[in-house]
Amino acid sequence: TEAVVSTQSTGYPGLFKCMFRTGPDKRTLSREDHHSMGPEKRLTQEYILCIDVFIEEDLQYLAYGTVDGNIHMQVSSSHGSLWQAMYDWEGPISAVKIFKVKGLVCLIGACMVEQVILFTDININNKLSNKIVLPESTLFDSVTCVNIMDIDYDGDSEILIGTYGRMFLVYKLHLSDGNLVPYIVYRRQYNSPIYGICYSDITDDGIHEIIVLTFNGIHVLQRCLKSAQQYIQKLLDSTVAIKIKCPFQTEHFSNSYASTPEY
């Protein structure tokens with residue numbers, strides 16, 4: 001496991017300041033300065049705003065967005081760099097996330113002044129050529145945050161985005177004729193801009209909650225325990241995959257939502 005730190009304040013735009021690697025005992029971290037990280041880690045002369053790393057078997061996918069509006073993708077293996085690609089936007093990049101869904105490696109990118117784009121089936125042949133605009137992603141001001149998580153326990157990740165226009169959106173991805181098609185399964189508007197989305201079991205009940213961070217407080221979307229119990233029981237009783245609705249639709253919540261007090 002690697003954790004990467006980049007900075008704009010050291011006089012090295014586009015460089016990783018340092019990298020922390022997990023030690024053999026999985027409990028310690030060792031630091032590597034950018035000078036020892038090889039040429040593939042020395043990225044660009046642009047200032048980096050966001051970065052994400054995805055590792056699958058021997059392949060490492062690295063994506064980063066810059067203040068100049070570029071998304072860079074680098075793919076490497078233990079033998080070195082394999083290929084690179086870039087996508088140019090008109091404004092600063094606010095978020096990048098790499099994930100795998102329905103057997104395809106994908107990249108989600110968000111621009112502060114444009115739409116959210118899903119790059120699908122990323123490989124050495126397609127690179128960043130297959131792209132889809134997420135519906136309604138341009139209607140609610142700048143997209144400030146993106147997260148990828150499986151909120152309905154069907155084995156496939158959903159896309160969650162938050163906007164400066166106070167809107168929280170959840171997208172599912174449907175595979176049609178070999179192509180991924182995104183569609184909205186849930187939306188909610190808050191009273192203030194959203195700047196963060198997390199997914200964690202903060203209530204210690206064994207079921208993860210969605211935590212939405214806004215400028216005026218923290219909101220927790222908690223699944224109805226009765227609905228979760230029924231779903232788990234169906235999984236235990238069935239030998240086939242069960243497809244259900246998104247658990248964060250209103251009817252799956254007790255009192256619709258559980259929210260922490262705003263601070």
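Analyst: A salt bridge here is a side-chain nitrogen of Lys or Arg within 4 Å of a carboxyl oxygen of Asp or Glu. The model is predicted. By that criterion, the whole structure holds 5 salt bridges.

Take E56 and K100. Their side chains meet in a salt bridge, with N to O at 2.2 Å. This pair ties together distant parts of the chain: E56 lies in strand β4 and K100 in strand β8 (residues 93-101), 44 residues apart. K100 has a relative accessible area of 37%, so it counts as partly exposed.

Next comes K102. Its partner is D156, and their closest N and O atoms are 2.8 Å apart. Again, distant parts of the chain are linked, here through two loops: D156 is in the loop between β12 (143-149) and β13 (158-163), K102 in the loop between β8 and β9 (104-111), and the two are 54 residues apart. How accessible is each partner? K102 is at 33% relative accessibility, so it is partly exposed. D156 is at 18%, so it is buried, because the cut-off for buried is under 20%.

The loop between β12 and β13 also supplies D152. D152 pairs with K172, the closest N and O atoms being 2.8 Å apart. K172 sits in strand β14 (residues 167-176), 20 residues from D152, and the pair links distant parts of the chain. Both partners are buried: K172 has 10% relative accessibility, and D152 has 1%. E158 joins in as well: D152, E158 and K172 form a network of salt bridges.

Now the surroundings. Y47, L49, V67, M112 and V113 make a nonpolar surface patch of about 400 Å². Y47 belongs to the loop between β3 (29-33) and β4 (48-56). Y47 is partly exposed, at 35% relative accessible area, so it clears the cut-off of over 30% for patch residues.

Last, helix α1 (residues 225-237). S227, A228 and Y231 are buried in α1. Viewed down the axis of α1, the buried residues stay within an arc of 100°, so they line one face of the helix. An α-helix has 3.6 residues a turn, so residues three or four places apart point the same way. The other side of α1 carries exposed residues: K226, Q229, L236 and D237.

Notes. Residues numbered from 1 in each chain as written. Predicted model: local features only at pLDDT ≥ 70, side-chain atom pairs only at ≥ 80, totals over all residues. Heavy atoms only, no water. Patch = residues over 30% accessible without salt bridge, like charges linked within 9 Å, V, L, I, M, F, W, Y side chains within 5 Å. Areas by Shrake-Rupley, 256 points an atom, 1.4 Å probe, with all protein chains shown as cover. Helix = DSSP H or I, 4+ residues; strand = E, 2+ residues; numbered from the N terminus. Buried < 20%, exposed > 50% of the residue type's maximum accessible area, 1.4 Å probe, protein only. Arc of directions from axis to C-beta.
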